Every structure is written in C-alpha cells, then in structure tokens.
Amino acid sequence: MKQLVNAFLAVMIAAFALMYLGAWMNKSEGYSGGNTLTIYNWGDYIDPELLTQFQKETGITVIYQTFDSNEAMLTKIEQGGTNFDLVVPSDYAIAKMKEENLLLQLDHSKLPNLSHIDPRFMSLSFDEGNRYSVPYFWGTVGIIYNPELTHGLTFKSWNDLWDSRLKNNILLLDGAREVMGMALNSLHYSLNDTSEEHLQGALKKLNALSPNVKAIVGDEIKMLLANEEAAVGLVWSGDAAEIMDENDKLDYVVPEEGSNVWADNLVIPRSAANVEGAYKFINFMLRPEVAAQNAEYVGYSTPNKDALALLPEDISGDERFYPPKAITDKLEVYDNLGKRMLAHYNELFLKFKMNND
C-alpha cells in the first residue's frame with residue numbers, strides 16, 4: 001500500500017512539474033497572456049518605433065512574428081499551438097476566418113479611437129458592421145507604366161492594355177482574382193462576377209491580350225519594372241509606390257472602369273491569450289498621430305481620416321494612392337465566392353497562363 005501511495009505521489013509531482021515547465025516555456029515564447037502580446041503581421045508592415053512606444057506606455061512586452069501570405073497565416077491559425085493575440089489578415093481571409101469561427105467578436109466600446117476611421121472603409125462586404133475587424137491599411141489594383149515607353153497611352157481605361165504597340169511589354173502579377181478581375185472590369189462586369197458567360201468572355205479577352213504579355217510573375221515584378229524590363233505592369237498600389245521610389249519615371253493609375261480595393265485589418269483570434277492587451281494595441285494604432293507615423297513609414301494608404309491631416313501634402317494629396325470618392329465609389333473588394341467558384345477562377349486563370357507559355 002505504501003509503495004502505491006509513493007508511486008501515486010511521484011506521478012502527481014511529475015505531472016505538476018511538466019505543467020509548470022509548459023507554462024514557463026509558453027510564457028518565455030510570448031504565447032501566454034498577462035504582460036505579453038503576441039502579434040502576427042506581414043513583414044515590414046509596422047514602424048518598429050511604435051512597438052517600442054506601446055511597450056513603454058503600457059508595460060506590455062510585444063512578441064512580433066511575421067508571415068508572407070494569407071494562406072500561410074491561415075494554416076498556422078487553423079493548426080493552433082500558438083496563441084496569437086492580434087493578426088493582420090486581408091479582406092477575403094477575414095471572410096474565411098469568420099466562416100471557420102476563428103475570430104473573436106469585437107467590443108467597440110473598448111475602441112473609442114475607431115471614430116477616426118473614414119466611413120468609406122467601414123462595414124465592407126467581408127465584415128459588415130466591423131464586428132470582427134478594424135481597418136489597418138488599404139490600397140488598389142491598377143496599372144503602373146513608363147510614359148517614355150508607352151506611346152502616349154494614359155491607361156485611363158483597362159482597354160489600353162490591348163493596344164498592339166505594347167507587344168511583349170506588359171508584366172502581370174501572378175494572381176487569379178487580380179488578372180480575371182482586370183478582364184472582367186475591362187468588359188464593364190463586376191470583378192466578383194459568377195456568370196459563366198461573363199467569365200468565358202473574360203478568358204477570351206485575356207487570350208487576346210497574350211501577345212502583349214511578356215511574363216506573369218510574383219514579387220520579382222517590382223524589380224523588373226523598376227529596371228525597365230517592361231513598360232507596363234498590373235500591380236497593387238503598395239508595390240507601385242515602392243517601384244516608383246526606385247524609378248521616378250513611372251506613374252500609376254486606377255482605370256476609370258473600376259478595380260479592386262483591398263484592405264488589411266486588425267483582428268483578435270478566438271484563441272487569443274491577452275484579449276485586453278489586443279484591445280489596447282488596436283486603440284493605440286488608431287490614434288491619428290500613430291496612424292500617420294505608421295503610414296509614412298510603411299508607405300501604404302491609411303484609412304484613418306484624421307491621420308491624413310498630419311501627413312505631408314505630397315503623401316496625403318497624391319490622388320494615385322488616395323483617390324477621390326468618385327474613384328473609390330467604383331472600387332470593389334474581393335468577395336468570398338466559395339471554394340467551387342474560386343477553383344473555377346483559378347482554372348480559367350491557369351488556362352490563360354498556359355496560353356502564354
């Protein structure tokens with residue numbers, strides 16, 4: 001009997017020791033609540049000085065980890081294991097995270113600085129009422145071009161891309177929604193269109209663009225355009241700003257038929273360990289002076305209307321990256337079209353890519 005009691009006590013002591021060790025390891029890696037806040041964001045997507053400022057103001061230690069795609073982020077969140085307190089997904093990823101019940105519904109009373117956000121970027125289709133997300137940065141999909149190499153074309157219309165003088169001189173980013181959306185917009189259809197007739201019409205028009213397409217590429221599109229390896233590119237506005245910093249000959253435009261407006265947002269995962277700390281950080285980032293400093297560092301467009309007044313005029317007044325309401329009213333977010341329709345978009349895009357090989 002005494003041996004059984006001793007064995008039981010030994011097992012209990014070992015169990016408590018393992019529990020303590022696990023808790024200590026989680027805390028040391030920033031995976032617990034209290035005075036740590038674990039943030040999961042895109043690389044180089046926040047001013048590091050702001051992280052330091054937040055830590056000094058609150059006493060909360062920030063653990064900052066990065067991802068390079070929404071898909072990689074979603075996989076890690078779905079797998080669990082790491083209790084991220086704050087994540088920065090894009091619009092369509094938020095729709096998927098909502099479907100999978102991965103997000104905590106927000107208490108807006110804890111976010112008084114939400115009033116600084118421009119109403120144009122609130123209650124978008126992927127999160128009506130902003131029940132789960134807070135706007136962080138936004139941008140567009142458009143055309144970057146070198147006026148010295150484009151024969152006087154202004155690209156006010158998507159259809160300028162089909163000009164025969166641009167033969168073998170266009171780079172397209174490697175994205176099904178972006179390229180199919182461009183073709184649909186050029187036909188005056190929604191970039192979320194699901195009509196089979198319209199989608200086949202878009203594919204037919206893309207195939208007609210093939211002689212002008214030099215390549216369909218990923219991140220290298222920035223280097224290639226900056227080095228004038230092509231005259232025209234289909235890009236995100238944030239990439240356009242970066243390319244234009246490298247080569248000031250280039251210009252950027254959103255065609256008049258409309259395009260995509262994308263939005264990255266702050267969300268709190270349901271598995272967050274430090275929810276109160278996450279609220280404090282979101283409210284901190286919503287301060288106009290903080291949002292302005294962050295926008296100037298990152299180079300993307302801020303949705304914070306009161307931060308705009310604090311930005312230099314050459315930034316806030318640049319209608320290429322802060323387009324007027326007449327343009328933004330024509331922009332659409334990418335709706336979550338469902339797995340079957342998204343697979344169909346990818347299939348059509350693959351057919352176009354094979355036509356360019």
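1. Basis of the note. The model is predicted, so that local features are reported at pLDDT of at least 70 and side-chain atom pairs count only at pLDDT 80 or more, whereas totals for chains, interfaces and linings use all residues. Residues are numbered from 1 along each chain as its sequence is written, and side-chain values rest on heavy atoms, with hydrogens and water left out. Helices (H or I, at least four residues) and strands (E, at least two) are DSSP runs numbered from the N terminus.

2. The open sheet. Three strands are arranged in the order β2-β1-β3 with parallel pairing, where two strands pair if DSSP finds at least two bridges between them. The edges are formed by β2 (61–67) and β3 (86–87), each of which pairs on one side only. Strand β1 (residues 36–42) is joined to β2 by 7 bridges, and within this pairing asparagine 41 lies opposite threonine 66 of β2.

3. Contact here means heavy atoms within 4.5 Å, while axes are lines fitted to C-alpha atoms, for helices over the stretch in contact, with angles between N-to-C directions running from 0 to 180 degrees.

4. The pair α3 and α4. Helix α3 packs with helix α4 (residues 91–99) at an angle of about 20°, the axes lying 10 Å apart, and the two helices are therefore roughly parallel to each other; angles under 35 degrees count as roughly parallel. Their crossing is right-handed, a term used when the near helix is turned clockwise from the far one by less than a right angle. On the α3 side the contact involves Asn70, Glu71, Met73, Leu74, Ile77 and Glu78, which meet Tyr92, Ala93, Lys96 and Met97 of α4. These residues divide into 6 nonpolar, 1 polar and 3 charged, with Ala, Val, Leu, Ile, Met, Phe, Trp, Tyr, Cys and Pro counted as nonpolar, Asp, Glu, Lys and Arg as charged, and the others, Gly among them, as polar.

5. The pair α6 and α14. The axes of helix α6 (residues 196–209) and helix α14 (residues 339–355) come within 9 Å and cross at roughly 20°, and these helices are therefore roughly parallel to each other. The crossing of α6 and α14 is right-handed. From α6 the contact draws on Glu196, Leu199, Gln200, Leu203, Leu206 and Asn207, and from α14 on Met341, His344, Tyr345, Leu348, Lys351, Phe352 and Asn355. By class, the contact of α6 with α14 has 7 nonpolar, 4 polar and 2 charged residues.

6. Leucine 171 stands opposite alanine 215 in β6 and has glycine 233 as its bridge partner in β7, whereas leucine 172 stands opposite leucine 234 of β7.

7. Strand β7 and β4. Strand β7 is mostly covered, with 4 of its 5 residues buried. Strand β4 (residues 134–145) pairs with β7 in the antiparallel sense over 5 bridges, and in this pairing valine 141 has tryptophan 236 as its bridge partner.

8. Two positive phi values to check. Most residues other than glycine have a negative phi. Aspartate 44, although not a glycine, has a positive phi of about 55°; this residue is found in the loop between β1 and α2, and at 58% relative accessibility aspartate 44 counts as exposed. Phenylalanine 155, also not a glycine, has a positive phi of about 60° and is found in the loop between β4 and β5, but phenylalanine 155 is buried, with a relative accessible area of 0%.

Terms used. Angles under 35 degrees count as roughly parallel, over 145 as roughly antiparallel, 65 to 115 as roughly perpendicular and the rest as oblique. Buried means under 20% relative accessible area, exposed over 50%, partly exposed in between (1.4 Å probe, protein chains only).
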